[in-house]
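Subject: Structure for handover

Hello,

The structure we discussed is below, with my notes after it. Please read the notes with the model open.

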Amino acid sequence: MTDLATRLRDVDLAEPPLGFDTDELADRAARRVRRRSATVVLAAVVALAALLVLPVRERVALVPSLAEQSRIRSALAEAVTRALPGVRDLALSPAGAGPARMSVTAEFVDAGGRPGDFRLTVRGAGAAQEVVPAGGLCTWTDQVPHCVRLPQPGGGVLVLSELVYKDVDGNPVPVGINGFLYRPDGSTVILTGGLRLQLTEEQLTKVITDPALALPQ
Amino acid sequence: MRAAEDAGFREFAAARALALRRTAYLLCGDWHLAEDLVQLTLIKLYRVWPKITRRGPVDNYARQVLLRCWLDEARRPWRRRERRDGVVPDQPSPSPETGISGPLLRALAEVPPKQRAAVVLRYCADLPAAEVAQVLRCSEGTVRSQAARGLETLRGVLEQSAERSAW
């Protein structure tokens with residue numbers, strides 16, 4: 001072992017001259033360090049600017065928690081019960097959720113025994129950009145013959161629109177009433193009628209304007 | 001980095017580049033790769049130069065960085081199968097096969113990386129076990145056992161190659 005160790009200590013290498021200039025290498029290293037520092041500063045500035053410039057509602061848009069979704073469904077059940085006295089067999093099922101948004105499908109049988117259904121979507125302010133602005137509604141007069149804007153106490157606006165389609169003879173056939181509630185804080189509630197019994201304007205207004213149907217900011 | 005620190009780095013790089021390249025060559029067995037490893041090591045050292053010089057001598061830290069660069073490179077052998085710079089060297093690289101060290105160097109290349117690192121630092125660079133332990137980030141006992149195993153492997157490889165040449 002000693003002999004081998006000695007041979008390793010005395011190892012004879014035919015070394016070529018150094019293929020790079022150490023001063024040039026130091027210049028290159030210095031440039032890299034400067035560039036790296038500049039990038040870090042730039043990234044910090046961009047991140048800070050984004051934090052300062054973006055409105056609060058665009059910074060965080062979380063999917064509503066399961067507890068929050070359950071609370072909304074309970075509030076909807078109470079609102080439907082108040083708006084449709086004698087309603088029975090009310091079934092609420094989740095119909096999707098996303099950042100600052102959740103939907104519920106409601107099926108029910110009214111006091112007269114007629115089955116009906118609708119879909120309700122609640123959006124927080126963080127999902128406001130997904131909704132057509134209130135000013136964009138009530139403009140397609142051929143498909144929306146009946147459309148009203150109802151200013152709400154405390155700000156906001158409720159838009160009720162009745163959709164129709166034309167049959168083969170060109171006669172308008174009502175499809176149902178949809179409701180769009182725009183709150184002053186940017187949150188929205190949209191109720192779209194199903195294919196069966198429709199809610200009346202009064203019932204729809206009672207349900208959609210329930211203050212409990214709101215997601216936190 | 002202050003001007004004095006920059007000057008200190010330049011002095012260190014000029015004084016130690018050859019020794020580092022020699023260690024790198026013993027580890028990887030390729031002069032071109034050895035130069036690349038040394039340049040990468042020096043660039044990495046530059047970034048932390050003010051901090052490491054405050055802690056004391058930087059030789060062992062430099063070897064540590066070099067070793068890590070080589071181990072990283074060894075894990076990606078496909079990167080080194082061809083020269084990618086497209087430049088043909090002006091003069092042929094001196095062959096390490098000349099002289100008495102040739103077979104020894106070829107045999108060294110067959111020793112597993114960690115044992116090879118222990119053997120190169122302990123014997124070729126002639127560092128005390130304590131310093132090798134610092135570079136390899138392990139205990140002195142581990143250095144001794146790795147170096148001993150490395151020598152055993154080396155001896156085995158040399159004996160096998162001697163037998164092959166006898167045939």
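**Notes on the model**

In chain A, residues 24 or more positions apart make up 54% of the contacts with a separation of 6 or more; two residues are in contact if their C-beta atoms, placed from the backbone, lie within 7 Å. This is a predicted model, in which local features need pLDDT of at least 70 and side-chain atom pairs count only at pLDDT 80 or more, while totals for chains, interfaces and linings use all residues. Residues are numbered from 1 along each chain as its sequence is written, and chains are lettered from A and ligands numbered from 1 in the order in which they are written.

Chain A has five helices and seven strands, taken as DSSP runs numbered from the N terminus (helices H or I, at least four residues; strands E, at least two). Their order along the sequence is α-α-α-α-β-β-β-β-β-β-β-α. Of the 217 residues in chain A, 23% are buried, that is, with 20 or more other C-beta atoms within 10 Å of their own.

Strands pair if DSSP finds at least two bridges between them. β2(A) (residues 101-109) and β3(A) (residues 115-123) run antiparallel and are joined by nine bridges, with A:Met102 opposite A:Val122. The two strands form a hairpin with five residues between them, and A:Gly113 in the turn has a positive phi of about 85°. β3(A) also pairs with β7(A) (residues 188-193), antiparallel, over six bridges; here A:Arg119 stands opposite A:Thr192.

Between the chains, 24 residues of chain A are in contact with 32 residues of chain B. On the chain B side, two or more residues each come from α1 (3-28), α2 (31-55), α5 (113-124) and α7 (140-166). α1(B) gives the most, 10 residues. By class, this side has 19 nonpolar, five polar and eight charged residues; Ala, Val, Leu, Ile, Met, Phe, Trp, Tyr, Cys and Pro count as nonpolar, Asp, Glu, Lys and Arg as charged, and the others, Gly among them, as polar.

A nonpolar core here is a set of buried Ala, Val, Leu, Ile, Met, Phe, Trp, Tyr and Cys residues joined through C-beta atoms within 7 Å. The largest has 47 residues, and those touching the most other members are B:Ala24, B:Leu37, B:Val38, B:Leu66, B:Trp70 and B:Val119. Elements giving two or more residues to this core include α2 (22-53) of chain A, and α1(B) has the largest share, 10 residues. A second, separate core of 32 residues includes A:Leu84, A:Ala106, A:Tyr182 and A:Leu213.

Regards

Notes. Buried ≥ 20, exposed ≤ 12 C-beta atoms within 10 Å, placed from the backbone.
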